[in-house]
Amino acid sequence: MLPSTASTNYISPATKSDSGELSSPPESALLHRCLSERPYQVSRAEGSYLYLSDGRKILDACGGAAVAIIGHGNKEVIAATTAQMNQVSYVHTMSYTTSSAEDLARSVLSPENCPSFDHGLVRAYFVGSGSEANDAAMKCARQYWYELGKGRTSRKVFVSRRGGYHGNTIGAMSISGNVARKKPYLETVLSNVAFVSPAFAYRFQQTEKGETEDMYAHCLVEEVEAEFLRLGPENVVMFSAETVVGATTGCVSAPRGYWRGIREVCDRYGILLHLDEIMCGTGRTGTYFAFEPEGIRPDIVTLGKGLGGGYVPIAAMLVSGKIIDVLRQGSSSFNHGHTYQAHPIACAAALAVQDVIRKEQLIEKCYRQGKRLGVLLRKEFGDSRFVGDIRGKGLFWALEFVEDKKSKQPFHAGMGFGISVQKQAFELGIAVYPGAGTVDGEKGDHILLAPPYNVTDEDLDNIVRILKRAYQMIERRVRGSIIDHKL
């Protein structure tokens with residue numbers, strides 16, 4: 001591991017008692033992600049900035065985890081949330097609905113969100129997290145086949161991709177390919193899941209052997225079809241994948257023609273297609289749905305982080321008319337439910353976020369600013385010794401770090417290059433999202449950038465400038481360690 005002068009976690013300093021003696025802060029009653037260190041305490045947040053209790057001001061260049069799409073402290077969202085609290089704070093959806101939930105569903109499913117073609121999605125199901133949404137997608141897809149087969153069906157296998165991530169609940173984790181997060185639970189996750197290769201051209205397209213983008217996409221689609229045939233198409237429930245892979249490998253888009261090919265193969269064998277847009281959807285890549293430029297119609301789409309913009313915990317499963325028709329003709333219900341699904345306050349806040357996006361034309365701005373960010377990153381990092389790839393679309397970008405650019409050899413797992421860049425950037429005043437295990441779940445490093453859609457030119461310039469400075473500081477230390485090792 002690289003030596004680091006920074007830490008992503010903040011340990012509260014000792015304080016003086018009335019007698020003047022130093023005393024340690026009381027141990028937290030909260031189960032933090034790390035038991036040995038405390039995270040930084042945020043006193044307030046406004047726009048693109050976080051203000052820490054130790055007096056520092058941090059430019060949030062990753063929106064937490066690509067969540068804060070309109071920034072912090074938006075007064076319209078706060079007002080809408082408060083108004084809903086004054087109207088009705090909770091109802092049980094077994095018997096009741098609210099205007100905030102109904103209006104949010106119409107807003108998300110609106111044709112305005114996919115103007116180039118009819119996306120075919122007709123119902124929205126709101127839950128509290130992306131993991132819940134993907135669990136709901138798994139159950140909805142299984143119930144579709146159960147209803148279609150009148151209670152008798154052999155379809156029980158889910159097919160997903162290595163290097164993808166769909167959540168931390170047992171169901172969502174089972175179809176995920178995030179090695180580190182699954183490791184303690186490998187004997188408890190579902191066994192009826194099969195995995196195919198990631199669509200990751202930088203890492204796996206064999207350009208040195210003359211493989212073109214079209215050839216690579218064709219090869220990947222053929223692999224998916226071969227897996228369907230190996231399993232028996234009559235046994236497969238659905239194919240699940242992130243339209244643009246998020247944190248696990250860092251803003252990875254599939255090669256041209258991949259998604260059309262996958263849609264055709266799924267149709268050929270009657271297999272449902274589920275696109276996970278928890279991180280890349282709701283405008284993050286420059287269109288409301290990341291699948292729109294692909295021109296395909298998925299059967300199920302899941303949305304999350306950008307739906308509520310961080311103001312409330314909320315996610316959604318969107319379902320096609322084909323599935324709803326089968327459920328309606330069968331049991332006429334979805335055999336699933338959560339106490340807090342379609343929560344009125346969460347829906348009101350999310351609806352206000354969507355209204356801000358439309359009113360301020362933030363998806364169009366995200367597209368434009370994303371182009372600008374890409375230019376800045378390529379200009380500043382294109383010749384950097386340890387930056388192997390610069391990739392992204394919209395305001396969803398990543399830098400992948402490598403030890404050797406020509407061979408694409410990653411740093412060994414213990415080096416911690418990406419984490420070190422993230423920590424150094426934080427010390428300099430910006431928050432970026434680090435990733436490790438980029439290549440195979442163990443080796444590989446990247447950092448992810450996902451600022452708010454309304455990020456200013458000045459903030460974009462500062463993000464890239466400060467990130468470059470942080471990178472250069474880590475590069476110098478690594479080059480020095482390499483020289484020392486050779487000596």
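Mentor: A definition to begin with: on a 1 Å grid over the protein atoms alone, a cavity is a set of points where a 1.4 Å probe fits but cannot get out, and lining residues have an atom within 4 Å of a point. This is a predicted model, where local features need pLDDT of at least 70, side-chain atom pairs count only at pLDDT 80 or more, and totals for chains, interfaces and linings use all residues. Residues are numbered from 1 along each chain as its sequence is written.

Trainee: What lines the second largest cavity?
Mentor: Its lining consists of T243, V244, S253, A254, W259, A290, E294 and K393. Four of the lining residues are nonpolar, two polar and two charged, with Ala, Val, Leu, Ile, Met, Phe, Trp, Tyr, Cys and Pro counted as nonpolar, Asp, Glu, Lys and Arg as charged, and the others, Gly among them, as polar.

Trainee: And what volume does the largest cavity have?
Mentor: About 50 Å³, a volume being the space filled by probe spheres set on the points, with grid points joined across faces, edges and corners. Among the residues lining the largest cavity are R161, R162, F200 and V252.

Trainee: Switching topic: how many residues of helix 12 are buried?
Mentor: 13 of the 16, so helix 12 is largely enclosed by the rest of the structure. Buried means under 20% relative accessible area (1.4 Å probe, protein chains only). Helices are DSSP runs of H or I, at least four residues, numbered from the N terminus.

Trainee: What comes just after helix 12?
Mentor: Q361, with a positive phi of about 50°.

Terms used:
Heavy atoms only, no water. Buried < 20%, exposed > 50% of the residue type's maximum accessible area, 1.4 Å probe, protein only. Helix = DSSP H or I, 4+ residues; strand = E, 2+ residues; numbered from the N terminus. 1 Å grid on protein atoms, 1.4 Å probe; cavity = no way out; pocket = protein on both sides within 12 Å on 5 of 7 lines; lining within 4 Å.
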